[in-house]
Amino acid sequence: MSSELNIHVGAYVEITAEPIYEIEKVLMCTMHRDVKTGVYCPKCGSKLQLVPVTEVRQPSLYTLLPEDEYTDRLSEAEVSDDLDVVYAVGNWNGDETKLEISRYVATLNEITPDMPARFIAAFNAEYADVLAVLRERATSVEMKFGVLTWWS
Ligand SMILES: [Zn+2]
């Protein structure tokens, strides 16, 4: 259940990766594939059978980086339902890769023209090892600067 709105202003990474194809066996009528409950199909009387069905899932930061050493470095920003794109932001706080945005007190953050390039450079430096691993596993890894909001 979604309850907290995350707001990120700063560098983020757009990862394009192959969707995950999984073959699952689903009990259904081989003629009427929408019939998935019971023992016999009410439309044709055939016994339901286990049929292999290909399910397509969106990759996640976790499926791309399952190793413990990477789990606390980046967080996934769930801003897209595209089946081949994952967005991630950095968790490091002592940095200049993102602005601190409070949802509880008034704040003012000026965005200066140098920020996008500077924040992306800091992100690249801080997460060079993680980004190198992602580049091996993903189709493309692109650094960007922007505003992301998502529920978690
Ligand atoms: Zn049937």
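Trainee: Before we dig in, what counts as a nonpolar core here?

Mentor: A nonpolar core is a set of buried Ala, Val, Leu, Ile, Met, Phe, Trp, Tyr and Cys residues joined through C-beta atoms within 7 Å. Keep in mind that this is a predicted model.

Trainee: Got it. Which residues touch the most other members in the largest one?

Mentor: That core has 21 residues, and Tyr12, Ile15, Leu64, Val86, Ala88 and Leu134 touch the most other members. At least two residues of this core come from each of β1, α1 (61-64), β5, α3 (115-126) and α4 (128-137).

Trainee: Let's stay with β5. Is the strand mostly covered or mostly exposed?

Mentor: Mostly covered: β5 spans residues 85-90, and five of its six residues are buried.

Trainee: And which strands does β5 pair with?

Mentor: β1 (residues 5-16) pairs with β5 in the antiparallel sense over four bridges, with Ile15 opposite Val86. β4 (residues 74-76) also runs antiparallel to β5, joined to β5 by three bridges, and there Ser75 stands opposite Val89.

Trainee: Nice. What does Ala88 touch?

Mentor: Leaving out residues up to four places away in sequence, Ala88 touches Tyr12, Val13, Ile15, Leu61, Leu74, Ser75, Glu76 and Ala77.

Trainee: Switching topic: where does Pro52 sit, and why is Pro52 called exposed?

Mentor: Pro52 is in strand β3 (residues 49-57). Pro52 has 8 other C-beta atoms within 10 Å, and a residue with 12 or fewer is exposed.

Trainee: So what does Pro52 touch?

Mentor: Ile23 and Lys25, again not counting residues up to four places away in sequence. The C-alpha atoms of Pro52 and Lys25 are separated by 4.3 Å, although these residues are 27 residues apart along the chain.

Note on methods
Residues numbered from 1 in each chain as written. Predicted model: local features only at pLDDT ≥ 70, side-chain atom pairs only at ≥ 80, totals over all residues. Buried ≥ 20, exposed ≤ 12 C-beta atoms within 10 Å, placed from the backbone. Pairing = 2+ DSSP bridges. Contact = placed C-beta atoms within 7 Å.
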